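I am opening a notebook on this structure and writing down what I look up, entry by entry.

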Amino acid sequence: MTDTATGALRDADRRRTPGRRGRAWARLGCGVALAVAAAPLVVRLTGLDAGTPLAVPLVLLPCAAVLGVLVLGVLAAAPGLRSRWSVAVAAVVAAVHVALLAPRFVPESRHVPPGSAGLRVATVNADGGGADARALVELVRAERIDVLAVQQLPSKGVAALDAAGLDTLMPYRELHPEYDSSIYARRPLSRAGTTRADTAWPQTTAEATVGGRRVRFVAVHTYYPLGDAERWTRDMTALASLARRSGPDTVFLGDFNASLDHTPMRRLLAAGLTDTHAELGRGWARTWPVGHALVPPLIQLDHVLHGPGLAGISVGERTVPGTDHRAVVAVLALPPGDRAA
């Protein structure tokens, strides 16, 4: 072989090397992204989040699902990156994600007879009283809220809300700023107080008569898994026990510090409660964090759960300045005859 031919081959090798390196890095990137997408899926399927720090990254499971689908799309579209095994693994990861999450985006079919009694509820974490009192009162007025649950509302926050006019809109209340949650209502409350469940602090509870039926409300604020995952799991377990004893006309609403993927939350729902967002096909409602320039809301920690005696009509999130949680507003109905469900 002549020197000229040898040089030509070397030049060709040099031209191909950057391309090979680029494909190698791309394959590595896809592999890492696929591992990131699969990791929370493994935690979700095995229930390893209960009582462990793995509860923290599990909240990003919907984001991981999006990532898994993107990786599958990249592998399918780039012949130079894919192999049978890589495509098969990515397809399985994406399929399991979709199987777990898709039902939340399909509204449940349930007939609500015309004339059923209606109930408008809302919940908001006031972030230690930082929530704008006037904005929150305006939300109550505009949405015609019947029952409002507020978490992390200290005494100064109670005074600020009354000064903004909440005492006129909602003259009935069960306030426990010392225990972290309070209930406001337009109509009289009965059997009000706090729970004796094994939670980090008592949960505020009260009943109101709606359409001739007594509906029990529990304003929820659990411990947070980042601080103590075992304590948070015990809180959720105690709420599940309370739900089993509460009957069909029950509404649990507040900051659960849990997403629908957490094992303790799924156990709470299995105790006889329905998440209004999932019921109405709003499977990824992002309520936290709010007010951060670089991080958009990604996680649903705030929920309205109800017993089988009620049905969801609508649900949405509202931003209240001054707090890092979005408020959740839900319209519920009490179909006749469902009390015995």
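**Entry 1. A cut-off.** I need one term before anything else: a residue is buried when its relative accessible area is under 20%, exposed when that value is over 50%, and partly exposed in between. I try the rule on glutamate 207, which has 12% relative accessibility and therefore counts as buried. I also note that this is a predicted model.

**Entry 2. The whole chain.** I looked up the overall dimensions. The C-alpha trace spans about 100 × 40 × 35 Å along its principal axes. The secondary structure comes to 10 helices and 12 strands. The chain has 341 residues, and 47% of them count as buried.

Entry 3. I looked for nonpolar side chains on the surface. Trp25, Leu28, Val32 and Val36 form a nonpolar patch there, and together they have about 440 Å² of accessible area. I picked out valine 36, which lies in helix H1, residues 3-46.

**Entry 4. Helix H3.** I went on to helix H3, which runs over residues 61-77 and has 17 residues. From first C-alpha to last, H3 reaches 24 Å, close to the 24 Å expected at 1.5 Å a residue. I then asked which residues in H3 are buried. I found Leu61, Pro62, Ala64, Ala65, Gly68, Val71 and Leu75.

**Entry 5. Alanine 94.** I located alanine 94 in helix H4, residues 84-101. Its relative accessibility is 5%, so alanine 94 counts as buried.

**Entry 6. Empty space inside.** Rolling a probe the size of a water molecule over the atoms shows where empty space is left. How many cavities of 30 Å³ or more does a search of the whole structure find? It finds one. I put the space in the largest cavity at about 90 Å³. Its lining consists of Val59, Pro62, Arg104, Ser259, Leu260, Asp261, Gly283, Trp284, Leu298, Ile299 and Gln300.

**Entry 7. Backbone exceptions.** Most residues other than glycine have a negative phi, and most peptide bonds are trans.

- Aspartate 127 has a positive phi of about 55 degrees, although it is not a glycine. I find aspartate 127 in the loop between strand S1 (117-125) and helix H5 (133-143). At 32% relative accessibility, it counts as partly exposed.
- Aspartate 180 is not a glycine either, yet it has a positive phi of about 95 degrees. I find aspartate 180 in the loop between strands S3 (172-174) and S4 (181-185). Its relative accessible area is 17%, so I list it as buried.
- The peptide bond from tryptophan 288 to proline 289 is cis, with omega near -5 degrees. Proline 289 sits in the loop between helix H10 (276-279) and strand S10 (302-306).

**Entry 8. Salt bridges.** I counted a salt bridge where a side-chain nitrogen of Lys or Arg is within 4 Å of a carboxyl oxygen of Asp or Glu. By this rule the count comes to 13. I looked at some of them in turn.

Glutamate 143 pairs with arginine 120, the closest N and O atoms being 3.7 Å apart. Glutamate 143 is in helix H5 and arginine 120 in strand S1, so the bridge ties together parts that are 23 residues apart in sequence. Both residues are buried.

Arginine 214 pairs with glutamate 207, with the closest N and O atoms 3.6 Å apart. Arginine 214 has 39% relative accessibility and counts as partly exposed, whereas glutamate 207, at 12%, counts as buried.

Arginine 213 pairs with aspartate 249, where the closest N and O atoms are 2.9 Å apart. Why do I say that this pair ties together parts that are 36 residues apart in sequence? Because arginine 213 lies in strand S7 (residues 213-221) and aspartate 249 in the loop between helix H8 (229-244) and strand S8 (250-255). Arginine 213 is buried, with a relative accessible area of 10%, and aspartate 249 is buried, with 5%.

Last, I noted one network: salt bridges that share partners join Arg44, Arg104 and Asp261. Arg104 and Asp261 are also among the residues that line the largest cavity.

How values were computed. Residues numbered from 1 in each chain as written. Predicted model: local features only at pLDDT ≥ 70, side-chain atom pairs only at ≥ 80, totals over all residues. Heavy atoms only, no water. Patch = residues over 30% accessible without salt bridge, like charges linked within 9 Å, V, L, I, M, F, W, Y side chains within 5 Å. Areas by Shrake-Rupley, 256 points an atom, 1.4 Å probe, with all protein chains shown as cover. Helix = DSSP H or I, 4+ residues; strand = E, 2+ residues; numbered from the N terminus. Expected span 1.5 Å × (residues − 1). Buried < 20%, exposed > 50% of the residue type's maximum accessible area, 1.4 Å probe, protein only. 1 Å grid on protein atoms, 1.4 Å probe; cavity = no way out; pocket = protein on both sides within 12 Å on 5 of 7 lines; lining within 4 Å. Points joined across faces, edges and corners; volume = space filled by probe spheres on them.
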